[in-house]
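Please consult the following briefing alongside the sequence and the coordinates. It begins with a single residue and then turns to the chain as a whole.

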Amino acid sequence: MSISASQAPSPSDDREAARSGGTVTDRLIEANARYAAEFTDPGMDARPVLKVAVVACMDARLDLHEALGLELGDCHTIRNAGGVVTDDIIRSLTISQRALGTRSVVLIHHTGCGMQTLTEDFRHELAEEVGQRPTWAVEAFKDLDADVRQSMQRVRTSPFLLHTDDVRGFVFDVKTGLLREIDPRD
């Protein structure tokens with residue numbers, strides 16, 4: 001199975017889009033029009049009220065604001081596949097801290113993460129399929145706790161970040177909704 005085929009919409013997705021009269025993007029645009037009709041400017045700027053940046057996986061099962069009791073404007077939310085700390089996460093955290101005043105970093109991985117099933121072979125297969133090698137690493141992992149520790153270490157040792165004292169890492173259990181804190185020293 002090629003990579004692009006494994007990511008193609010299923011026939012049921014296509015049927016749902018046809019029933020709703022358009023694509024998923026069309027539905028999102030329609031939802032935005034309803035939202036905008038009721039929208040009022042909350043009068044806040046981009047600086048998070050709680051001065052915290054949350055780095056988490058992009059997994060659709062994680063409703064971070066709900067799970068953490070956050071309101072609009074409380075935090076910066078930075079997401080990627082696996083919630084791993086990459087160069088781009090460091091870039092976003094640096095801007096968050098230096099330009100927008102955040103001081104704390106919360107890292108969240110989760111149980112049942114798809115990054116635990118991938119390897120660097122994904123990258124090599126992709127290069128074979130499209131004829132160009134990706135410039136990025138997959139950053140897959142087998143051990144959730146170890147990867148959270150590695151992410152905490154990457155944040156704590158970055159020369160670009162001003163505030164590395166309050167960096168904590170967690171694993172979110174997708175079955176119970178509970179966070180389990182990871183000790184950085186284990």
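In which loop is the place of Thr-119? Thr-119 sits in the loop between β3 (104–110) and α6 (121–130); helices (H or I, at least four residues) and strands (E, at least two) are DSSP runs, numbered from the N terminus. This is a predicted model, in which local features need pLDDT of at least 70 and side-chain atom pairs count only at pLDDT 80 or more, while totals for chains, interfaces and linings use all residues. Residues are numbered from 1 along each chain as its sequence is written, and side-chain values use heavy atoms, with hydrogens and water left out.

**Surroundings of Thr-119**

- Thr-119 counts as partly exposed because its relative accessibility is 35%; buried means under 20% relative accessible area, exposed over 50%, and partly exposed in between (1.4 Å probe, protein chains only).
- Not counting residues up to four places away in sequence, Thr-119 touches Val-138, Ala-140 and Lys-142, where contact means heavy atoms within 4.5 Å.
- A polar atom of the Thr-119 side chain lies 3.0 Å from the backbone nitrogen of Asp-121. A polar contact is a pair of N or O atoms within 3.5 Å; within protein, one must be able to donate a hydrogen and the other to accept it, and residues adjacent in sequence count only if both atoms are side-chain atoms.
- A distance of 8.0 Å separates the C-alpha atoms of Thr-119 and Glu-139, which are 20 residues apart along the chain.

**Overall architecture**

- The chain contains seven helices and five strands.
- Read from the N terminus, the order of the elements is α-α-α-β-α-β-α-β-α-α-β-β.
- Of the 186 residues in the chain, 35% are buried.
- Among contacts in the chain with a separation of 6 or more, 64% are between residues 24 or more positions apart.
- The chain exposes about 11,700 Å², and carbon and sulfur atoms supply 53% of this area. Accessible areas come from the Shrake-Rupley method with a 1.4 Å probe; for residues, only the protein chains shown count as cover.

**Nonpolar cores**

- The largest nonpolar core has 24 residues, and Leu-93, Leu-107 and Val-155 have the most contacts inside it. Such a core is a set of buried Ala, Val, Leu, Ile, Met, Phe, Trp, Tyr and Cys residues joined through side-chain atoms within 4.5 Å.
- At least two residues of this core come from each of β1 (52–57), α5 (87–98), β3, α7 (144–156) and β4 (166–172).
- Helix α7 gives the most to this core, with four residues.
- With neighbours within four places in sequence left aside, Val-155 contacts Val-85, Ile-90, Leu-93, Val-105, Leu-107, Leu-161, Thr-164 and Val-167.
- A second, separate core has eleven residues, including Val-52, Val-54, Leu-62 and Leu-70.

**Salt bridges**

- There are six salt bridges in the structure, each defined as a side-chain nitrogen of Lys or Arg within 4 Å of a carboxyl oxygen of Asp or Glu.
- One of them joins the side chains of Asp-59 and Arg-61 (2.8 Å, N to O). Asp-59 is buried at a relative accessible area of 16%, whereas Arg-61 is partly exposed at 46%.
- Another joins the side chains of Arg-154 and Glu-139 (3.2 Å, N to O). This pair links distant parts of the chain, since Arg-154 is in helix α7 and Glu-139 is in the loop between α6 and α7, 15 residues apart. Arg-154 counts as partly exposed, with 28% relative accessibility.
- A further bridge is formed by the side chains of Arg-180 and Asp-145 (2.9 Å, N to O). Arg-180 lies in strand β5 (residues 179–182) and Asp-145 in helix α7, so this pair ties together parts that are 35 residues apart in sequence. Arg-180 is partly exposed, at a relative accessible area of 39%.

- Asp-74 occupies the loop between α4 (64–68) and β2 (75–80).
- Asp-74 is buried yet has no salt bridge, and the nearest side chain of opposite charge, Lys-51, is 12 Å away. Lys and Arg count as positive and Asp and Glu as negative; His and the chain ends are not counted.
- The Asp-74 side chain reaches the backbone nitrogen of Glu-71 at 2.7 Å.
- Ser-158 lies in the loop between α7 and β4 and counts as buried, at 10% relative accessibility.
- A polar atom of the Ser-158 side chain is 3.2 Å from the backbone nitrogen of Phe-160.
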